[in-house]
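Keep the sequence and the 3D view open beside you, and turn the model as you read.

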Amino acid sequence: MSTGDGQPEVPPGEVAPTPPGETGTWRRLTTPATPSTKPQSVVSHHVHRLADNMSLRARLTLIYGMLFFAAGSLLVLLNYVIVAGVLNTLPFIANPEVDSPNLSPEAIAYFKQRLIESMLAQVTRFSVLALVIVGLLAVALGYVIAGRALSPLQKITRTARRLSERSLHERIALGGPEDEIRELADTFDGMLERLDRAFDGQRRFVANASHELRTPLAINRTLLEVALSDPDASADLKSVGRTLLETNARHERLIDGLLLLAKSDKELDTRVHIDLAEVAETTLSQLSAEIEESGLTLRSDLRSAPVTGDPVLLERLVGNLVENALRYNVADGEITIRTGIYDGAPAVQVENSGPVIPGYEVEGLFEPFRRASGDRLRSAKSAGLGLSIVRSVVRAHGGTVQAWPRSGGGLVVTVCLPERRAEGPSGTGR
């Protein structure tokens with residue numbers, strides 16, 4: 001099937017491949033918007049939006065104010081009823097010096113009613129004015145009290161934001177009475193204590209694994225290379241040795257990938273100003289021989305995309321995307337890499353042809369040791385950690401990564417990172 005302009009129709013949940021010669025268009029996953037069954041008015045929309053954006057302090061102040069005005073209005077109403085009842089029970093006697101002595105009882109009752117209504121109007125007017133003035137003072141006082149009541153929560157929030165893997169030794173240590181907020185802070189401190197022990201054990205494990213696993217593999221590689229360099233070695237021995245060398249190299253790549261994955265899960269040690277276009281250009285130059293040997297068509301559109309981050313991890317991120325596109329491709333396939341601004345954020349996008357990938361399998365590709373085929377042992381070219389490392393590096397930089405199937409086979413992976421921050425001295429980003 002094809003569309004009216006002659007282009008093949010793209011199935012839902014997939015993106016069209018980049019036409020030959022075109023690289024400047026970002027591949028976007030477009031899904032038709034489902035119409036809302038319940039139309040929402042503009043006023044209701046703004047009310048919901050305002051309510052969603054209000055802080056807890058503002059909400060508590062609003063509740064205090066509403067309760068006070070409700071209670072004050074009830075008090076004004078009761079005051080009106082009580083004053084009206086009291087005035088109605090009072091005797092009304094005409095003043096002979098002012099009023100006519102021939103006033104009838106009906107006239108006296110009329111003047112009495114007029115007097116009562118005038119007094120009630122005055123009482124109500126001053127009561128409402130007092131209610132408004134005192135109500136505004138109560139709202140201001142409620143705002144202050146809400147701030148004081150929420151200050152322990154703000155301290156917990158500031159501490160949680162400041163905490164990272166390298167500062168888990170900090171504690172909130174909230175004082176004050178044994179109330180619910182104090183219990184929350186103590187629970188949070190206990191959780192930090194357990195996390196600190198867990199991360200400390202993980203760091204020791206990674207350091208020990210780096211030494212204990214790399215050393216025997218390096219020794220095995222040396223022994224195998226020495227054995228293969230022996231001119232008297234038989235053909236069978238050399239064949240077995242080369243097979244063992246390939247297996248040893250795969251294990252080394254697996255260990256390097258696991259260590260890099262553990263490192264990328266940590267907080268960034270280095271933050272420098274860097275352009276994703278330069279990172280992509282460096283990565284392509286490093287992989288130029290492998291790309292040329294693969295026979296794939298490479299297309300690139302590298303535009304400026306300034307970010308702040310770890311250059312080593314960002315280079316590994318782009319390298320993993322390109323290597324993934326190389327390894328899981330088809331004969332006479334193609335790779336397209338783009339850098340620039342995507343949806344208002346610096347981004348890098350790698351698109352490649354390849355086998356057809358169902359949409360429901362895309363999320364699983366970011367799990368460790370998962371491949372598009374679903375086989376964990378089939379491929380000897382990678383350890384199955386490429387996209388897992390990509391996602392970990394993206395999370396460490398506070399970005400997002402998305403992947404979509406490509407119509408006709410292949411994958412489109414888009415990484416968006418936060419914009420480069422201007423503050424901090426040059427070279428550090430802090």
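## Ground rules

A residue is called buried when its relative accessible area is under 20%, exposed when that value is over 50%, and partly exposed in between, using a 1.4 Å probe and protein chains only. By that rule Arg27 is buried, with a relative accessible area of 10%.

Please keep in mind that this is a predicted model, in which local features need pLDDT of at least 70 and side-chain atom pairs count only at pLDDT 80 or more, while totals for chains, interfaces and linings use all residues. Residues are numbered from 1 along each chain as its sequence is written, and side-chain values use heavy atoms, with hydrogens and water left out.

## The chain as a whole

The secondary structure comes to nine helices and seven strands. Here helices (H or I, at least four residues) and strands (E, at least two) are DSSP runs numbered from the N terminus. Of the 430 residues in the chain, 33% count as buried.

Contact means heavy atoms within 4.5 Å. Among contacts between residues at least 6 apart in sequence, 71% join residues at least 24 apart.

## Arg27 and its surroundings

Arg27 sits in the segment before helix H1 (42–53). Its side chain makes a polar contact with the side chain of Thr18, at 3.5 Å. A polar contact is a pair of N or O atoms within 3.5 Å; within protein, one must be able to donate a hydrogen and the other to accept it, and residues adjacent in sequence count only if both atoms are side-chain atoms.

Which residues touch Arg27, once neighbours within four places in sequence are set aside? They are Val15, Ala16, Pro17, Thr18, Pro19, Glu22, Arg338, Tyr342, Gln349, Glu351, Trp404 and Val412.

## Leu174, between two helices

Leu174 belongs to the loop between helix H3 (105–162) and helix H4 (180–228). At 12% relative accessibility, Leu174 counts as buried. Leaving aside neighbours within four places in sequence, Leu174 is in contact with Pro152, Lys155, Ile181, Arg182 and Ala185. The C-alpha atoms of Leu174 and Leu153 are separated by 9.9 Å, with the two residues 21 apart along the chain.

## The two sides of H6

Helix H6 covers residues 276–286, and Leu276, Ala277, Val279, Ala280, Thr283 and Leu284 are buried there. Seen down the axis of H6, these buried residues fall within an arc of 160 degrees, so they line one face of the helix. The arc is that of the directions from the helix axis to the C-beta atoms.

On the other side of H6, Glu278, Glu281 and Gln286 are exposed. At the start of this helix, a side-chain oxygen of Asp275 reaches to within 3.0 Å of the backbone nitrogen of Ala277.

## H8 against H9

Two packed helices are described by the angle between their axes and the distance between the axes. For H8 (residues 311–327) and H9 (residues 386–396), the axes come within 9 Å and cross at roughly 150 degrees. Axes are lines fitted to C-alpha atoms, for helices over the stretch in contact, and angles run from 0 to 180 degrees between N-to-C directions.

On the H8 side, the contact is made by Leu313, Arg316, Leu317, Asn320, Leu321 and Asn324; H9 brings Gly386, Leu387, Ile389, Val390, Val393 and Val394. These residues divide into eight nonpolar, three polar and one charged, where Ala, Val, Leu, Ile, Met, Phe, Trp, Tyr, Cys and Pro count as nonpolar, Asp, Glu, Lys and Arg as charged, and the others, Gly among them, as polar. Ile389 counts as buried, at 4% relative accessibility. From C-alpha to C-alpha, Ile389 and Phe366 are 8.3 Å apart in space and 23 residues apart in sequence.

## Loops around S4 and S5

Asp332 lies in the loop between H8 and strand S4 (334–342), and Asp343 in the loop between S4 and strand S5 (345–352). Phi is near 60 degrees for Asp332, a positive value in a residue other than glycine; for Asp343, phi is positive as well, near 55 degrees. Asp332 is exposed, with a relative accessible area of 71%, and Asp343 is exposed at 58%.
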